[in-house]
Amino acid sequence: MNDPVDRPSTLHWRRGTFLVLGAGVLLLLAAFAVRSAVPIFLALPLLIAPFAAALAGPRRTLTADLVWTSYGSGPDLRVAGALRPAPGDDLSDVTVLAHPPGDVREVAPPRVVRAGPGIAFDLSWQVPHPMLGSIDPPEVFWEDPLGLVTRDIAGDRSPLPFERYPPELTRLGAVRFERTLLLPGEAPTRRIGPSGEFFGIRDAAPGDPPRRINWRATARWGRPLANEYQMDRTGDVVLLVDTRPSFLGSAADEALLAVSRAAAAGIADAFLRAKARVGYAAFGEFVDATPLSSGRGHRLRLHQAIAATRRSTIAGPSERCGATFGRFFPPGVSTILISSLYGAAEPELILYLRRRGFRSVVLSPSALSLMAPAAGHAQALDALADRIERLDRRRRLGRLWADAPIVDWTDFWNLSELVNLLRQPARRRAG
Amino acid sequence: MSAPRPSTATDPSDLLATGLLGAAAVFLALFSVLPLVLALAVALGGVAAAAAARRLGGPASGVAVGLPALAALGLLACTAPTTAAAELAAGTGALAFLLWLAASPKVRAAGALRRAIPTIALAALILVLAWSSELLLPHVPAVLGIGGLLLVAVVVTIAVLVGRPELIDREPEATS
């Protein structure tokens, strides 16, 4: 079926077109008013230019696919991308406008290189604190050289997810957690699995991939045999993020939850790389849990669950978390509780978890790090208020140390305190 | 990308286009009935104001920054007596203005001035046709009537094209 006219046009007149046409019409009226043909000759090119620009440009929708990736570490967020046009399309007058998401700010002008038929670009941004985020696809459109007409560019352009967390988290993989199933004590557990050190040979099962078939043994014994591997892992760990509202208000809670999500993603990645089993739970009004598992598929599941974690408007009772937690995770599993500890019920949560057999290490992002320093007269007063707040927080956290070791996370780009705590089992078992 | 910034360095093509616009405005000022000094001041003042506005407003400021230059050209055109040379000067001024728009620094890829040539050439072609018709055809009421009809036709065409840009499109036909 042919429908070239009913399809909405991808051509758009810019505001400049109406300015130029308006000036042209005014000049025509002026020509009649002063009874002179000279203004008409000034008006004529202005009245024609927008349509000449539309006719001189591409007469159909151009297509360009976007391929992009993010890199960098810590607060540096670099984005490199390329627009690849469809065969025969020219991207000479194509403009690419990328907007940093949320609090992310631009630190250097974007670098745009027109290489061959395509366009390559490099963006330098900085994230204010650890976060999981997504960058919307850039605006891509053709614009005539006079800036009067634009035309949309079609193509495959999807958002780019990014994650930024403190670089120390890469050292977490060396942490040995306590065995959770067989015997108490600190030792690496072993498990038969699809990768790791060679363990033995067994009869092949219908679902075994060809890589696992031991072809020499199969030929020797005359029946299909598969390899088994012994997989080392350091233990199990569960990340519990407290999403209940605090007295700080929704804006500060959201900001602290964003930092908590980034920390959870970073910690989960570090342990999954070390082939540990990682579970995740978010507690707001109820517990949303992702059971313990390992592998790349589980990493994706965890990241989706972490990204979907939102601040709860209703605070569930702490005993509910303790009771529900036991249904998803075996008692004794090492637990990292990520909570701002600004709510009234957080001390109870640590206690209830402990009663159910979950010894926790608490990572507590501090709201003081979110406050912008004051200037002028307010500076001295602000420093005093800041000091009082720090002392108060220190007093509150000090009381909770009796139940669980706590890391007061004040510098969001530094988690060496948590890494050191987890790497020292004696301190980890404090309380 | 992101928010375009005000340009700090002078773009050679921008400088060339501003020079051409200034020269065209001065050329038109020579035909104005205004005192020469005042006409020259209007011409150069308008162009200088537009250039300064573009420099301060940044590359993304668009066509609006050119309004001072356009206003100056309009004032000079309205005060010029109807002669073939004055009409040519006014047309040249409009073409120079379009060229100046194309030379907006940094916002577009290098070579925008060169790529704007087909657009400006089309406008110039129609201008030359109009000017030569005006020069060569005898000044009789019938011709003026035809001219008026053509003017109305142009305005109607503009209105239709602005309202329905898909008429300009030549999309490949979708098949199902």
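This is a predicted model: local features need pLDDT of at least 70, side-chain atom pairs count only at pLDDT 80 or more; totals for chains, interfaces and linings use all residues.

Tutor: Let's take chain B: it has seven helices and zero strands, where helices are DSSP runs of H or I with at least four residues, strands are runs of E with at least two, and both are numbered from the N terminus. As for labels, residues are numbered from 1 along each chain as its sequence is written, and chains are lettered from A and ligands numbered from 1 in the order in which they are written.

Read from the N terminus, chain B goes α-α-α-α-α-α-α. Of its 176 residues, 35% are buried, meaning that 20 or more other C-beta atoms, placed from the backbone, lie within 10 Å of the residue's own. Contacts here are pairs of residues whose C-beta atoms, placed from the backbone, lie within 7 Å. Among the chain B contacts with a separation of 6 or more, 71% are between residues 24 or more positions apart.

Now for the partner. On chain B, 52 residues are in contact with 58 residues of chain A. The elements giving two or more residues to that side of chain B are α3 (67–78), α4 (84–102), α5 (112–115), α6 (117–136) and α7 (141–163) of chain B. α4(B) gives the most, with ten residues. By type, this side of chain B splits into 33 nonpolar, nine polar and ten charged residues; Ala, Val, Leu, Ile, Met, Phe, Trp, Tyr, Cys and Pro count as nonpolar, Asp, Glu, Lys and Arg as charged, and the others, Gly among them, as polar.

And chain A itself? Its secondary structure comes to ten helices and 19 strands, and 41% of its 431 residues count as buried. Six of the strands make an open sheet with mixed pairing, ordered β16-β15-β14-β17-β18-β19 (chain A); two strands pair if DSSP finds at least two bridges between them. β16 (287–293) and β19 (406–409) of chain A are the edge strands, each pairing on one side only. β15 (residues 277–283) of chain A runs antiparallel to β16(A), joined to it by five bridges, and A282(A) sits opposite D288(A) in β16(A).

Note on methods: Two residues are in contact if their C-beta atoms, placed from the backbone, lie within 7 Å. A residue is buried if 20 or more other C-beta atoms lie within 10 Å of its own, exposed if 12 or fewer, and partly exposed in between; C-beta atoms are placed from the backbone.
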